[in-house]
Amino acid sequence: MIKQALEEIARGTAEIIDMERIKKLVTQYYTDGTTYTVKAGFDPTAPDLHLGHTVLLQKLATFQKFGAQVQFLIGDFTAMIGDPTGKSVTRKVLSKEEIVQNISSYTKQAFKILDESKTTIVYNNDWLEKLGAAGILQLASNLTVARMLERDDFSKRYTSNTPIAVSEFLYPLLQGYDSVHLRSDIEIGGTDQKFNLLMGRQLQKVYGIHKQQSVLMMPILEGTDGVQKMSKSLGNYIGVTEAPKEIYGKILSISDTLMWRYYELLSDKSLEETVKLKGDVASGTLHPKKAKEALALEITTRFYNEELATLAKEEFDAVFKAKKLPTQMDEYEMPEGIWIAQALVDANLEPSTSQARRDIRQNAVSIDQKKISDEKLNLSAGEYVLQVGKKRFAKVKVGS
RNA sequence: GGUGGGUUACUCAAGUGGCCAACGAGGGCGGACUGUAAAUCCGCUGACUACGUCUUCGAAGGUUCGAAUCCUUCACCCACCA
């Protein structure tokens with residue numbers, strides 16, 4: 001039982017520091033029911049969670065199954081600084097109002113995965129605000145500039161003449177201090193957080209906490225492009241609040257290589273099942289697309305339910321395999337004689353008439369599933385389905 | 001505080017008086033091929049009912065027939081020195 005728990009905990013992780021401690025904590029839980037705390041920090045900058053965030057959330061959920069109380073830390077104070085991790089430029093500072101607004105939608109989405117009864121939401125503003133200038137100075141005295149510059153992204157930015165705000169140096173310190181305050185047993189985060197996570201251990205030692213937290217790092221999930229990390233600003237994300245057909249479609253559009261990565265980090269399938277699946281695809285017994293469909297269904301089901309996920313699949317197959325029209329389309333009304341390029345813009349299919357004309361010239365635009373080539377066309381009265389490329393559809397009603 | 005360098009489209013990055021709506025690369029979009037996969041090939045990538053007009057090269061002025069390019073002021077960034 002304990003062995004199985006530890007295997008599940010270790011699954012998909014990039015690195016674990018002090019696995020022994022985790023082993024002890026889990027063992028103790030199974031011996032006398034003593035729980036332990038697992039901390040994870042969340043930046044309230046992105047109100048929309050995407051699959052990249054869920055990698056971490058799922059790991060937390062795993063811990064909850066094995067006796068952990070999750071400390072769901074909202075970095076409302078640190079968000080005012082902006083985590084420098086992985087950023088090539090200094091991040092903009094958020095206002096208090098923006099932060100408050102982001103938090104509620106954030107936690108709501110997170111509880112689609114986490115067990116609410118085993119989760120404590122904490123805000124680091126509660127204790128960091130009280131730290132005061134003196135406290136911060138004391139905290140900062142624990143670290144040298146040279147040590148800070150050891151950190152990869154700082155040194156890269158430094159050597160490439162990219163600015164580093166002094167306040168950014170404080171970020172790892174404050175995050176580490178959170179672990180001191182919360183006396184966390186374990187902290188989990190992405191590999192890009194390594195420096196910050198280790199800071200927690202170091203500061204716990206300095207502040208006289210005998211048991212330093214274990215650190216568990218999850219790999220960063222690549223976005224749908226398969227190269228860069230999943231992030232909203234890069235537009236390569238799959239959001240958990242997106243419509244079922246969006247989630248399903250986006251997963252199906254990832255590359256085969258990336259699919260295995262998603263299986264490892266996002267699927268609930270056991271390790272053996274995944275290995276078998278991979279073997280079947282490699283040997284040609286199973287078409288890779290089948291494996292991808294299964295994954296897409298599983299993940300869509302997680303955020304909705306099986307029925308809606310199946311519907312999404314059917315819709316997808318109808319539109320893209322059978323080339324039928326989607327069942328749901330935005331509808332617009334337009335005056336008679338409207339110029340086709342203008343109609344495409346008004347239906348939000350194109351950003352400008354210039355772009356619309358270019359696409360018509362490139363054979364990308366269809367009316368009622370027939371390609372058109374006349375960019376000067378005016379629409380007479382009637383109902384049409386406009387389409388740009390493979391994915392963009394709209395229904396328009398022309399005339400009164 | 002001093003000295004030097006920099007700011008060009010989504011990003012990186014050419015361009016130092018007209019050939020510049022601005023090379024190139026990446027990204028994005030579209031087409032072909034497919035499994036809406038990858039890889040590959042091709043095209044497009046400021047706006048405007050459009051072989052012309054308008055707005056863009058940190059900001060504002062100026063010189064000039066003509067400026068991303070020259071001058072002035074301002075803002076921001078970086079390095080070295082203090």
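Phe42, Phe72 and Tyr106 come together as one aromatic cluster in what is a predicted model, where local features need pLDDT of at least 70, side-chain atom pairs count only at pLDDT 80 or more, and totals for chains, interfaces and linings use all residues. Residues are numbered from 1 along each chain as its sequence is written, chains are lettered from A and ligands numbered from 1 in the order in which they are written, and side-chain values use heavy atoms, with hydrogens and water left out. Rings of Phe, Tyr and Trp (for Trp, the six-membered ring) pair if their centres lie within 6.5 Å; planes under 30 degrees apart are called stacked, over 60 edge-to-face, and the rest tilted. That rule gives 8 aromatic pairs.

One of these is Trp260 with Tyr263, a stacked pair with 5.5 Å centre to centre and 25° between the planes. Both sit in helix H11 (residues 256-266), 3 residues apart, so about one helical turn separates them; helices here are DSSP runs (H or I, at least four residues), numbered from the N terminus. Trp260 is buried at 15% relative accessibility, and Tyr263 is buried at 0% (buried is under 20% relative accessible area, exposed over 50%, partly exposed in between, with a 1.4 Å probe and protein chains only).

Phe316 and Phe320 make a tilted pair, 4.9 Å centre to centre with 50° between the planes. They are 4 residues apart in helix H14 (residues 306-321), so again about one helical turn lies between them. Phe316 counts as buried at 16%, while Phe320 is partly exposed at 33%.

Charges also turn up over rings (NZ of Lys or CZ of Arg within 6 Å of the ring centre and within 35 degrees of the ring normal). The charged end of Lys112 sits over the ring of Tyr304, 5.6 Å from its centre, and Lys250 lies over the face of Tyr237 at 4.9 Å from the ring centre.

Technical notes:
Helices (H or I, at least four residues) and strands (E, at least two) are DSSP runs, numbered from the N terminus.
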